[in-house]
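Let us walk through this protein chain from its overall form to its surface. Keep the sequence and the 3D view side by side as you read.

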Amino acid sequence: MDKKIYISLLIDFYKNLLTPKQKTIIELYINEDLSISEISENLGISRQGVHDFVKKAEEQLIQYENVLHLVERYLNQKRYIDEILEDLNKIYNKYFDNEILIIINKIQEMAKNGI
């Protein structure tokens, strides 16, 4: 998985464990795709300071994941749901059973809502 995508997932799960400044800077850098120079200019912090905040926030997010494994669990659950949906779609395509289609739609809706 691409590092920025991975860090973005970590942010989604653990951002509230960061300091407000770390949270702001890492979200601008990863999710808003601003450069260190742009963040430095916008927040009035040196480029080195922004770089240090980004590096420290990334390290902390990775440490949280190493202990809590929330992103790992999420990705595993997503993979299992995708596999189940793929199998159900195969069955539906073979039998065209509307009850299976209802189940497929329920699972997709639940997955979309994070249930």
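Start with the overall form. The chain has a radius of gyration of 20 Å, but a compact globule of 115 residues would have one near 13 Å. That radius is taken over C-alpha atoms, and the globule rule is 2.2 Å times the number of residues to the power 0.38. The C-alpha atoms fill a box of roughly 65 × 30 × 20 Å along the principal axes.

A word on the source. This is a predicted model: local features need pLDDT of at least 70, side-chain atom pairs count only at pLDDT 80 or more, and totals for chains, interfaces and linings use all residues. Residues are numbered from 1 along each chain as its sequence is written, and side-chain values use heavy atoms, with hydrogens and water left out.

Now trace the chain. It holds six helices and zero strands. Both are DSSP runs numbered from the N terminus: helices are H or I with at least four residues, strands are E with at least two. Along the sequence the pattern reads α-α-α-α-α-α.

Next, look inside. Buried residues (under 20% relative accessible area; exposed is over 50%, partly exposed in between, with a 1.4 Å probe and protein chains only) make up 24% of the 115 residues. Some of them form nonpolar cores. Such a core is a set of buried Ala, Val, Leu, Ile, Met, Phe, Trp, Tyr and Cys residues joined through side-chain atoms within 4.5 Å. The largest has 16 residues, and Ile7, Leu10, Ile11, Ile25, Ile26, Val50 and Leu61 touch the most other members. Helix 1 (3–14), helix 2 (20–31) and helix 4 each give two or more residues to this core. Helix 1 gives the most, with five. Apart from this core lies another, of five residues, including Leu85, Tyr92, Ile100 and Ile104.

Finally, the surface. The chain exposes about 8100 Å², and carbon and sulfur atoms supply 53% of it. These areas come from the Shrake-Rupley method with a 1.4 Å probe; for residues, only the protein chains shown count as cover. Phe13, Leu17, Val67, Leu68, Leu70 and Tyr74 form a nonpolar surface patch, with about 520 Å² of accessible area together. Helix 4 (47–68) and helix 5 (70–95) each give two or more residues to the patch. Leu70 is found in helix 5. Why does Leu70 count as partly exposed? Because its relative accessibility is 32%.

Definitions and conventions
Patch = residues over 30% accessible without salt bridge, like charges linked within 9 Å, V, L, I, M, F, W, Y side chains within 5 Å. Salt bridge = Lys/Arg side-chain N within 4 Å of Asp/Glu carboxyl O.
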